[in-house]
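Please read these notes with the model open beside you. Each point takes up one topic and can be checked by eye.

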Protein chains: 4
Amino acid sequence: MKVGGDDGEILTRLAQTLNARKGADPKLSYTAKLFAAGEDTILKKIAEEAAETLLASKDGDRFHVVREVADLWFHCLVLLAYHNIGPNEVLSELARREGLSGIEEKKARES
Amino acid sequence: MKVGGDDGEILTRLAQTLNARKGADPKLSYTAKLFAAGEDTILKKIAEEAAETLLASKDGDRFHVVREVADLWFHCLVLLAYHNIGPNEVLSELARREGLSGIEEKKARES
Amino acid sequence: MKVGGDDGEILTRLAQTLNARKGADPKLSYTAKLFAAGEDTILKKIAEEAAETLLASKDGDRFHVVREVADLWFHCLVLLAYHNIGPNEVLSELARREGLSGIEEKKARES
Amino acid sequence: MKVGGDDGEILTRLAQTLNARKGADPKLSYTAKLFAAGEDTILKKIAEEAAETLLASKDGDRFHVVREVADLWFHCLVLLAYHNIGPNEVLSELARREGLSGIEEKKARES
């Protein structure tokens with residue numbers, strides 16, 4: 001699938017889909033089930049996917065790394081939706097840091 | 001900061017900046033230091049930022065969640081650069097899943 | 001159940017039980033199933049239980065903390081058995097550090 | 001260092017030492033510094049040490065696994081002390097499960 005200059009639109013569209021599933025029947029969708037299960041279940045999935053990213057990287061399995069990072073970001077989007085946060089707020093935070101450079105970049109993250 | 005239809009461009013630009021820092025002097029940049037420290041250091045940061053995302057969410061601190069998810073995604077971008085993977089590959093994987101829906105979405109992730 | 005001066009014997013006995021289950025039928029025991037599933041499955045459980053410990057602590061649920069730390073240590077014992085390491089080696093390492101104190105203790109861990 | 005039938009005493013003695021450091025000057029001890037930094041700092045260390053255990057295991061470095069599991073258990077003891085929980089409560093929970101076997105063992109953990 002082609003992903004062009006509109007990469008971010010995928011995150012935005014995914015976020016819209018996730019929002020629409022917030023009140024949906026848990027039986028009909030994995031995401032609706034996650035929302036119904038609640039915050040701790042979403043957070044456990046983030047921890048799990050982070051661990052799986054570590055394992056995939058240590059295995060040197062490039063394709064697996066892509067899938068696990070996608071899993072991790074997906075569950076982050078679910079958490080953001082849970083808190084009514086749009087992915088654009090995270091991207092703006094990243095863009096803000098992009099303006100900084102070198103050691104300043106680190107200071108910004110530590111402050 | 002405004003983040004419009006070009007959200008994904010931020011990820012792409014960040015990835016370009018990260019790639020440029022791969023061989024840079026570790027003293028001049030936090031990212032160059034991460035690359036010099038190697039894979040395990042990058043992976044530990046991903047685990048750390050995932051944990052901090054959990055803590056921020058449990059504190060119900062919306063602003064903190066944004067910052068920790070940004071930290072988590074940033075270090076994922078560093079890992080992707082380490083493996084010579086562009087963020088567009090992760091976004092394509094997410095887009096591929098977006099085409100699926102409901103329970104199929106779950107099956108796709110489990111397959 | 002009473003746990004007296006022989007606390008460590010519980011870890012040793014558990015390790016013996018775990019070792020005995022290494023080649024056992026995965027259908028008969030959760031632990032045998034873990035060993036059959038392999039290293040990554042055991043490691044994911046450790047990451048999961050660590051995350052659940054974080055969540056239990058943030059909830060301030062004392063009883064839940066006890067159970068999650070027990071889960072975490074249990075899966076560490078499974079990992080140790082996987083590597084043919086006895087829990088006494090971990091306890092010896094802890095005892096070695098106990099001999100150190102103050103800031104030296106930190107240095108020992110960092111060295 | 002010899003660790004005999006009194007393995008558990010090491011955990012108990014460590015817990016006593018940790019308790020004694022709760023109000024101590026953060027400058028004098030790594031542990032006192034952890035307590036002064038508070039719950040989130042202790043929890044981040046648990047997440048970090050769990051991640052380092054994963055990495056050590058994937059590297060197949062037996063000695064490193066021992067040290068990382070010791071680090072993980074040490075920081076669990078700090079968390080237990082933070083919540084005024086003795087390690088004997090965790091060992092009792094493990095002993096309780098030891099009495100269970102096979103699939104029942106799993107059910108006990110899931111209940």
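1. Two residues are in contact here when heavy atoms of theirs lie within 4.5 Å. By that rule Asp40(A) touches Lys58(B), Leu55(C) and Asp59(C), leaving aside residues up to four places away in sequence. Keep in mind that this is a predicted model.

2. Where does Asp40(A) lie? Its place is in helix 3 of chain A, which covers residues 39-58. Asp40(A) and Leu79(A) are 39 residues apart in sequence, and their C-alpha atoms are 10.0 Å apart in space.

3. Chain A and chain C can be laid on one another by a rotation of 180° with 0.0 Å of shift along the axis, and the RMSD is then 0.0 Å. That is the relation of a two-fold axis. The two copies use the same surface, since 100% of the contact residues of chain A recur in chain C. Which residue of chain A comes closest to the rotation axis? It is Glu48(A), with its C-alpha at 3.0 Å.

4. Next, look at helix 3 in chain B. Helix 3 of chain B has 20 residues, which should span 28 Å at 1.5 Å a residue; the end C-alpha atoms are 29 Å apart, so the two figures agree. Helix 3 of chain B is mostly covered, with 17 of its 20 residues buried. After helix 3 of chain B comes Gly60(B), with a positive phi near 65°.

5. How do helix 3 of chain B and helix 3 of chain C cross? Their axes come within 10 Å, at an angle of roughly 25°. The two helices are therefore roughly parallel to each other, as angles under 35 degrees are counted that way. The crossing of helix 3 of chain B and helix 3 of chain C is right-handed. On the chain B side, the contact is made by Ala51(B), Leu54(B), Leu55(B) and Lys58(B). On the chain C side, it is made by Ala51(C), Leu54(C), Leu55(C) and Lys58(C).

6. Helix 4 of chain A takes in residues 62-82, 21 residues in total. From first C-alpha to last, helix 4 of chain A reaches 30 Å, close to the 30 Å expected at 1.5 Å a residue. Of the 21 residues in helix 4 of chain A, 16 are buried, so this helix is mostly covered.

7. Most residues other than glycine have a negative phi. Asn84(B) is in the loop between helix 4 (62-82) and helix 5 (87-98) of chain B. Is Asn84(B) buried or exposed? Asn84(B) is exposed, because its relative accessible area is 55%, and the cut-off is over 50%. In chain D, Asn84(D) has a positive phi of about 55° and is exposed, at 56%.

8. Finally, Glu93(D) is in helix 5 of chain D. Glu93(D) counts as buried because its relative accessibility is 7%, and buried means under 20%. Leaving aside residues up to four places away in sequence, Glu93(D) touches Val66(C), Arg67(C) and Ala70(C).

Terms used
Residues are numbered from 1 along each chain as its sequence is written. Chains are lettered from A and ligands numbered from 1 in the order in which they are written. This is a predicted model: local features need pLDDT of at least 70, side-chain atom pairs count only at pLDDT 80 or more; totals for chains, interfaces and linings use all residues. Side-chain values use heavy atoms; hydrogens and water are left out. Helices (H or I, at least four residues) and strands (E, at least two) are DSSP runs, numbered from the N terminus. The expected span of a helix is 1.5 Å times one less than its number of residues. Buried means under 20% relative accessible area, exposed over 50%, partly exposed in between (1.4 Å probe, protein chains only). Copies are superposed by least squares on the C-alpha atoms of residues with pLDDT of at least 70 in both. Axes are lines fitted to C-alpha atoms, for helices over the stretch in contact, and angles run from 0 to 180 degrees between N-to-C directions. Angles under 35 degrees count as roughly parallel, over 145 as roughly antiparallel, 65 to 115 as roughly perpendicular and the rest as oblique. A crossing is left-handed if the near helix is turned anticlockwise from the far one by less than a right angle, and right-handed if clockwise.
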